[in-house]
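Dear colleague,

I am passing on the structure we spoke about, and my notes follow below it. Please look through the model before you read them.

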2 protein chains.
Amino acid sequence: MFKFLITKKSKKSRARLGVMETDHGSIQTPCLVTVATQGTVKALPHRLAKEAGTSLIIANTLHLHLKPGEEVVKKAGGLHKFMGWDGPIMTDSGGYQVLSLGFGRDHGISKVMRHGSDVTIKSGQQPRGVKITEEGVAFRSPDDGSRLFLSPEESIHIQEHIGADMIFAFDECTSTPADKEYTRLSMERTHRWADRCLAAHGRRRQALFGIVQGGRFEDLRRQSARFIGARPFAGFGIGGEFGSDKKLMADVLRWTIDELPDAKPRHLLGIGHPDDLLTIIKEGVDTFDCTAPTHYARTGTAFTSSGRVNIGNAVFKNDPGPLDRKCGCFVCTEHSRRYLHHLTRAKEILGMTLLTFHNLNFFHAEVARIRRDIRAGKV
Amino acid sequence: MFKFLITKKSKKSRARLGVMETDHGSIQTPCLVTVATQGTVKALPHRLAKEAGTSLIIANTLHLHLKPGEEVVKKAGGLHKFMGWDGPIMTDSGGYQVLSLGFGRDHGISKVMRHGSDVTIKSGQQPRGVKITEEGVAFRSPDDGSRLFLSPEESIHIQEHIGADMIFAFDECTSTPADKEYTRLSMERTHRWADRCLAAHGRRRQALFGIVQGGRFEDLRRQSARFIGARPFAGFGIGGEFGSDKKLMADVLRWTIDELPDAKPRHLLGIGHPDDLLTIIKEGVDTFDCTAPTHYARTGTAFTSSGRVNIGNAVFKNDPGPLDRKCGCFVCTEHSRRYLHHLTRAKEILGMTLLTFHNLNFFHAEVARIRRDIRAGKV
């Protein structure tokens with residue numbers, strides 16, 4: 001069962017409020033999806049992940065394929081039972097890993113090119129260690145070097161075994177160095193893969209989301225959104241790259257969402273730093289996932305109402321204040337900056353756990369605030 | 001404020017039930033003291049440490065001296081405020097670290113010599129890198145190699161800054177390879193250090209415990225217990241080595257406790273594996289600390305009602321059962337062995353957190369069961 005109901009549309013922007021209904025509960029949108037790559041929110045017990053505001057998690061198909069293997073998850077009755085997580089779950093298709101293991105590793109690139117680069121990826125070019133063909137993607141396991149192959153059918157097969165409430169079509173995630181011809185040919189292949197995913201999708205209880213590609217090129221983005229938007233997907237992922245600056249990201253979202261059917265949900269894949277939240281929600285994104293809150297926490301970085309705080313910095317050694325004076329989470333009410341500084345310097349796991357909790361709570365509170373502002377007609 | 005009230009004495013053994021009253025709450029004894037070396041129960045948020053049964057924690061003087069430094073803790077208003085822990089706290093004196101950085105590192109020895117060894121430590125001998133004199137112990141920081149010096153006065157000074165409810169006198173912890181003459185001379189020095197600790201102890205709100213040494217030698221243990229037991233300590237630690245087998249450990253406890261005043265609490269330092277619990281409690285130990293539940297958890301080992309379980313073992317890959325069928329903790333009711341196996345294999349922090357919770361809960365439940373058995377006249 002999957003339903004998406006839009007409860008309010010903003011008059012000031014493309015933002016909208018909605019409710020997703022799944023077999024494992026409902027989700028208020030716009031919603032940050034908490035990342036749980038290997039079937040756990042890193043460093044956080046489930047109940048704390050929920051207390052920090054998590055209503056929906058996203059696990060990764062390739063990671064779960066490698067460990068513990070989808071057969072193990074299936075035998076357990078699916079990922080909800082395997083993890084002991086009773087809330088809604090998404091799985092990413094593995095397409096992003098094609099980027100991160102391929103061109104991403106070759107050139108040190110991610111979804112957003114934050115610094116200038118003179119690398120160009122041309123059509124016909126293949127990343128080292130990853131072979132992308134019409135059939136699918138051949139690559140080697142980052143764990144043990146063994147040969148692996150992912151295709152649209154294989155990704156759907158794995159995701160059906162994992163059993164998330166929402167799953168994604170298999171795509172190639174293109175990146176900023178890709179030239180227009182590479183991006184066009186890749187996008188067209190992703191479209192053919194989208195149809196193969198629809199054909200392969202048997203478990204109708206799972207909501208299958210198609211993924212729009214097309215890079216930073218307006219004509220390609222519109223073309224991709226029209227193609228994917230016309231298919232009988234339950235919702236749409238917006239993948240690939242968003243150019244070299246935040247302005248271009250908003251443009252790419254606008255071109256894409258312009259062409260997508262209004263009634264279905266839109267998930268932005270792998271984007272959502274604090275300064276992106278308002279932009280992406282105002283462009284009409286309903287859900288989005290981002291590793292920033294959990295990843296940065298484990299490096300000692302907190303997101304606060306006054307910006308990023310590197311808690312290992314010596315200035316916090318005797319700081320009696322809370323991590324964030326405007327935050328009401330238990331980390332900020334029960335612990336001081338000096339204690340978090342000590343835990344981080346002493347390499348104690350609890351430091352990572354507490355920062356992860358605070359960061360997640362901070363992001364979810366920010367999104368909840370934006371939801372309230374949409375309801376109040378301010379956004 | 002520190003009070004100890006014995007509420008029941010067993011007729012079948014030396015076991016007794018009691019209540020310790022401190023400024024930060026009361027403790028039912030016999031009690032396992034949860035280890036929080038650097039001011040955190042490793043891998044566990046405070047509220048989960050409490051939920052697992054913790055009523056009293058023990059932090060380490062030398063570790064806190066090194067990080068964050070006792071001045072930082074003092075400025076925070078003491079360790080309770082620094083950590084955000086409102087329950088009772090003990091600090092170890094640093095004496096055990098003299099062993100572990102000295103002869104322990106030289107010969108790979110710990111408090112209990114589990115395997116035979118042909119090493120003998122003779123009187124006058126010094127460990128490498130640690131110099132023990134009448135004045136105190138000079139050694140190098142395990143962190144950065146800088147020169148450090150601990151003495152009775154310095155240990156008490158640091159512990160007063162840290163501000164635990166119960167603190168320990170500075171001692172030398174002797175080990176099984178020490179011959180009788182080494183053990184005797186060391187014990188006599190520890191006695192002189194005990195008097196220096198009493199003289200140095202200014203903060204009467206903290207309960208100072210003396211430490212009995214004397215190794216595996218009946219005459220020395222009795223002599224030490226009489227000496228330390230006659231001093232105006234609030235309670236007594238039983239330190240040092242307990243010979244090469246469990247039988248000898250019970251003997252050492254009996255000789256020691258025979259000579260100690262009945263009305264004051266007895267803490268056994270650093271001992272408490274599951275198969276020790278009944279023995280040490282029957283010999284009249286009131287509190288004891290042991291790293292086993294937390295340390296083993298982080299290596300993937302769970303303690304259960306059917307023995308130790310190495311959850312990373314391949315046999316658990318598809319095991320749908322709980323870690324321990326007889327356990328009612330949330331790890332055993334909400335998670336399966338296969339999930340814990342996956343988390344451990346995937347090197348996820350949550351695996352360590354969940355095993356730490358279960359192990360602590362298991363130990364505390366065992367001790368609670370023994371308390372009930374004492375109350376019911378069965379132990």
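In strand 8 of chain A, A:Phe139 is the bridge partner of A:Val130. The model is a predicted one, in which local features need pLDDT of at least 70, side-chain atom pairs count only at pLDDT 80 or more, and totals for chains, interfaces and linings use all residues. Residues are numbered from 1 along each chain as its sequence is written, while chains are lettered from A and ligands numbered from 1 in the order in which they are written.

Strand 7 of chain A is joined to strand 8 (residues 137-140) by three bridges, and the two run antiparallel; strands are DSSP runs of E of at least two residues and helices runs of H or I of at least four, numbered from the N terminus, and two strands pair if DSSP finds at least two bridges between them. The open sheet of chain A has three strands in the order 7-8-9, with antiparallel pairing. Strand 7 (130-132) and strand 9 (147-150) stand at its edges with a single partner strand each, so one side of each is left without a neighbour in the sheet.

Turning to the chains, the contact takes 31 residues from chain B and 31 from chain A, where contact means C-beta atoms, placed from the backbone, within 7 Å. Helix 14 of chain B gives the most to the side of chain B that touches chain A, with five residues. Of the interface residues of chain B, 100% are also interface residues in chain A, so the copies meet through the same surface.

Best regards

Technical notes. Two residues are in contact if their C-beta atoms, placed from the backbone, lie within 7 Å.
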